[in-house]
Amino acid sequence: MKLDRWVAVFFLLFSFLYGYGAVTYRLLPFERNMVFLPNTLPIGLAALGIILSFILLFAPKPQETEETDGDVLGTVDLRRFREYEFGRAFGLLAAMIVYALAIFPIGFVVSTTAFLIVSATVLGERRYVILVPVSLAGALIVWFLVQEVLGVFLRPWPIFLVS
Amino acid sequence: MLDGLLLGLGAALSFQNLLMVMAGVLIGTFIGMLPGLGPISIIAIMIPVAIKIGDPSAALILLAGVYYGAIFGGSTSSILINAPGVAGTVATSFDGYPMARQGKAGKALTIAAISSFAGGTIGALLLLTFAPALSSVAILFWSAEYFALMVVGLTAIAAFAGTGQVAKALMMTIFGVMLSTVGESSLFNAPRFTLGLLDLQSGLGFVTLAMALFALPEALFLVIDRKRGGEPGGDAQKIKDLRITAKEARTIAPVIGRQSLQGFFIGVLPGAGATIASFLGYAVERNIASADEQKEFGRGSIKGLAAPETANNAACTGSFVPLLTLGIPGSGTTAILLGALIALNVDPGPRLMIDRPEIFWSVIISMYIGNLILLVLNLPLIPYIAKLLAVPRNYLIPFILFFAMSGVYIGQNNATELLLLIGIGVFATIMRFADYPLAPLLIGFILGQMMEDNFGRAMRNADGLSFIWERPMTLGLLTLAVVLVFLPTWRAHRARRRPENVEQD
């Protein structure tokens, strides 16, 4: 089964769960007699979702076309699947998750610099003489623009350094 | 109308707003050149800045400038290294890149700049003419019609999706609407579908969703697929001879004329937008060209370059018509702009022109000024602009990811939002692999909330569903929506029944 059919299975399960959530939604006492309920639209959506995912799951596969969609750039060439470098992508995702968890406790400047250095290393960069100052400068410039120019609070240093 | 025009001229020509246009165009051009950051991502990055400005017209002017700049910047990287940074400029690379390889990069960039300018300018004039008319029709709209209009907007996306993509586009739209029901809503008293998570109480952030759907997958794709970014350097260096001859000007003038009109009206349709306008523009010009000229297409034809460039800028302007007059975003980009407007306490729609004429008109005027500045700034900058493309991907990708994440984190200081960003980003990447379009999801998410609000209000007013058949305009619009859903399927069905005679060129 191809990936897009698996996605259809995902949508089917999601629509069922969403529909279950909608049907079992607990209405407030005074809401019961109203025409339009909080779960009116969700129940409809779930039904449409289930119908569409069945269509996606069982409809015959149409001819390949070259057209691309709205604002999304280009398409994926699945024939070159084996050339794709997934290892690096997973490395980057791991770095992003660590960054997301670290940004609050250790502050914006420190975590951002570390994130930029680590993710460039994952991509194969080894010239740390250039990389470290560029990362630090990037983090500091953004912090300066956000905090000092725009006035949005962004704690730069670890939480224990600033009371 | 003249009063409004003067009001807008006064507002747009204020020092602050001129500065905004210039800043927006410059930022858009430079970031738009980077592969992976299309107008959607750039505008999403700029939204916290725009909201911070506070003044809605200045903010919208800034974002409109960014939008234009990004489209032009995308053309630059399409032409120089065959790496379209923006989907709307993919067609530009068909003939622009061959020109650059023949050592005519300077000429190609000049044609791109002039065509963009002409397309945007004629688009702005058309906007000036047609927007008020469309707006006065729109004032007749009640909640019921609005609901129907939202349904049309949502289904139009599917109608313009490629063959075999209709069901996928519809599924993504519905998924987007489902996501929009998470959290609190203005109609009800309790949050829905939060799974007990406090962070979902206020719903998903649309910047988070926009970043996760566009910037993140693109950056991941640049990592996964080494060939995607194109090779920096190479032929890009040969930028000389910017001038075009009088003969060339005569050749492209009719193309620019036709494509400005066509691009604008495609842009007006919800769901179409710059990408489709540029592909259609290219296709139409190729079909009506003489046999000799047709052979040139794909090998460095100036017509083939001018057509998509004119059309995409005209369509960008056109897509502001439904946004400003009806409050319906025609594309993912205008959907983000709509979100920004709502965050700035502006309610786009038919009342905008009456309640806040200064916003309405100054945006239109500043579009024209933005085009002018785009031309004036970019012609002399063309040789230098190319240098930015030499940023190595080992630096480019980490910075794209960093910008995407800081765009979500700044102002909220909420790590859960970042984890959501990563999770949805991975989901979106899988969707790209499975060939599911992502723009409908975002449009569904943004229109979904408004659709439910209007649906609820219409149902409460009519005490049931009777408004559907009692109000002719609602019925008409909903019928249109049904037609839009089934038309592509019917057409595909008919094409399958007699496949042979269509294929011949």
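How many residues of chain A are in contact with chain B, and how many of chain B with chain A? Keep this in mind as you look at the close-ups.

This is a predicted model, in which local features need pLDDT of at least 70, side-chain atom pairs count only at pLDDT 80 or more, and totals for chains, interfaces and linings use all residues. Residues are numbered from 1 along each chain as its sequence is written, while chains are lettered from A and ligands numbered from 1 in the order in which they are written.

**View 1. Where chain A meets chain B.** Here 63 residues of chain A are in contact with 72 residues of chain B (contact: C-beta atoms, placed from the backbone, within 7 Å). On the chain A side, two or more residues come from each of helix 1 (3-23), helix 2 (40-58), helix 3 (86-106), helix 4 (108-122) and helix 5 (128-149). Helices are DSSP runs of H or I with at least four residues, numbered from the N terminus. Helix 3 of chain A gives the most, with 12 residues.

**View 2. Two domains of chain A.** The domain assignment, automatic or from a database, gives domain 1 (3-61) and domain 2 (96-163) of chain A. Their C-alpha centres lie 42 Å apart.

**View 3. The largest nonpolar core.** This core has 198 residues, and B:Ile43, B:Leu63, B:Ala210, B:Met211 and B:Leu442 touch the most other members. A nonpolar core is a set of buried Ala, Val, Leu, Ile, Met, Phe, Trp, Tyr and Cys residues joined through C-beta atoms within 7 Å; buried means that 20 or more other C-beta atoms, placed from the backbone, lie within 10 Å of a residue's own. Helix 9 (residues 206-224) of chain B gives the most to this core, with 16 residues.

Notes. Two residues are in contact if their C-beta atoms, placed from the backbone, lie within 7 Å. A residue is buried if 20 or more other C-beta atoms lie within 10 Å of its own, exposed if 12 or fewer, and partly exposed in between; C-beta atoms are placed from the backbone.
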